[in-house]
Amino acid sequence: MKLLSILFFILLFNFSYSQNIDFKTEKEIIKQTLSQYLDTNPNSIASFFKGGKGYKFASFGLETGIAMEEDSLKREDLKKDLNHLNYYSDSISDVLKTKKINVFISDTLFAYKYIPATNNLKNENDWKQNYQYLLSDFKYNELARMDTIIGEEYIDLIKRQVHYKGENKTFARGELDHSYYKYEKEDLTSKDEFSIRGSKIYRLVLNKNNTKGCFLFSFYCNQNKICRSFIFIKKENNKWVYVDEYPSWIVDES
């Protein structure tokens, strides 16, 4: 009887971390939500739509500078920069009516392979200790790493990625084409401003009731370094929507 109980526990644990959607559905969920995340990515010109994340940061900086600058000539230069930003934003809107943003990416959805940093989060004691640090971000956003407070329940999705047992799977890049984005073969030499030098997309994990999920996305950022984030999503009114991102270097040796 004791042996049966142990076997049941093992099966239950493995099931809780197993993927319970097919690959076609997984790709569809990523397709819908990755484009929403890219709209906020600083490497995407779509983020400079008026009201977009890039536009808000840029306009806030310029407007603050205008309000605080005492030199009248410098203040006028800042006003010109703000006008240029608004013109640029309007131009983007016109161009993207007919043109797509190329996202250069691998044709493989990679299984996340956790590499321990200071602590090994596969160890339950280390996980419990590190949980408190994650809680300060997810529940309180004390260091303002995220755009908003998304809640403690998303932390478990990081744990599911840490313990993920899936495999790499190839796919046709065009399967992810959506919204302003068209996925193309990796090209590190491209100078096209209507492109994003992506690197890898990592496979999706879901919570127990399939209402929240997490995958990873990496891209080339400053000085050709790789930036990578956990991408958090949720199901809302039967549609999957992007919630927020969280830098992976905080939990692994990325």
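The model is predicted, so local features need pLDDT of at least 70 and side-chain atom pairs count only at pLDDT 80 or more, while totals for chains, interfaces and linings use all residues. Residues are numbered from 1 along each chain as its sequence is written, and side-chain values use heavy atoms, with hydrogens and water left out.

Start with the largest pocket. Its volume is about 450 Å³. A pocket here is an open set of points on a 1 Å grid over the protein atoms alone, where a 1.4 Å probe fits, with protein on both sides within 12 Å along at least five of seven lines. The volume is the space filled by probe spheres set on the points, which are joined across faces, edges and corners. The lining of the largest pocket has 20 residues; P42, F219, C227, S229 and E245 lie nearest its centre. Lining residues have an atom within 4 Å of a point. Two or more residues each come from α3 (53-68), β8 (226-236) and β9 (239-247). Helices (H or I, at least four residues) and strands (E, at least two) are DSSP runs, numbered from the N terminus. β8 gives the largest share, 4 residues. By class, the lining holds 10 nonpolar, 7 polar and 3 charged residues. Ala, Val, Leu, Ile, Met, Phe, Trp, Tyr, Cys and Pro count as nonpolar, Asp, Glu, Lys and Arg as charged, and the others, Gly among them, as polar.

Now follow α3 to its partner. α3 packs against α4 (residues 72-95) at about 160°, with the axes 9 Å apart. Axes are lines fitted to C-alpha atoms, for helices over the stretch in contact, and angles run from 0 to 180 degrees between N-to-C directions. α3 is therefore roughly antiparallel to α4 (over 145 degrees). Residues in contact have heavy atoms within 4.5 Å. Among those of α3 that meet α4 are Y55, L62 and I66. This contact has 7 nonpolar, 4 polar and 4 charged residues.

A second pair is α5 (residues 124-138) and α6 (residues 155-162). Their axes come within 10 Å and cross at roughly 140°. From α5, E124, W127, Y131, L134, L135 and F138 meet I155, I158 and K159 in α6. Here the classes are 7 nonpolar, no polar and 2 charged.

Finally, look at K31 in α2 (residues 23-38). K31 and D177 are 146 residues apart in sequence, yet their C-alpha atoms are 7.0 Å apart. Not counting residues up to four places away in sequence, K31 touches E175, L176, D177 and H178.

Terms used: Angles under 35 degrees count as roughly parallel, over 145 as roughly antiparallel, 65 to 115 as roughly perpendicular and the rest as oblique.
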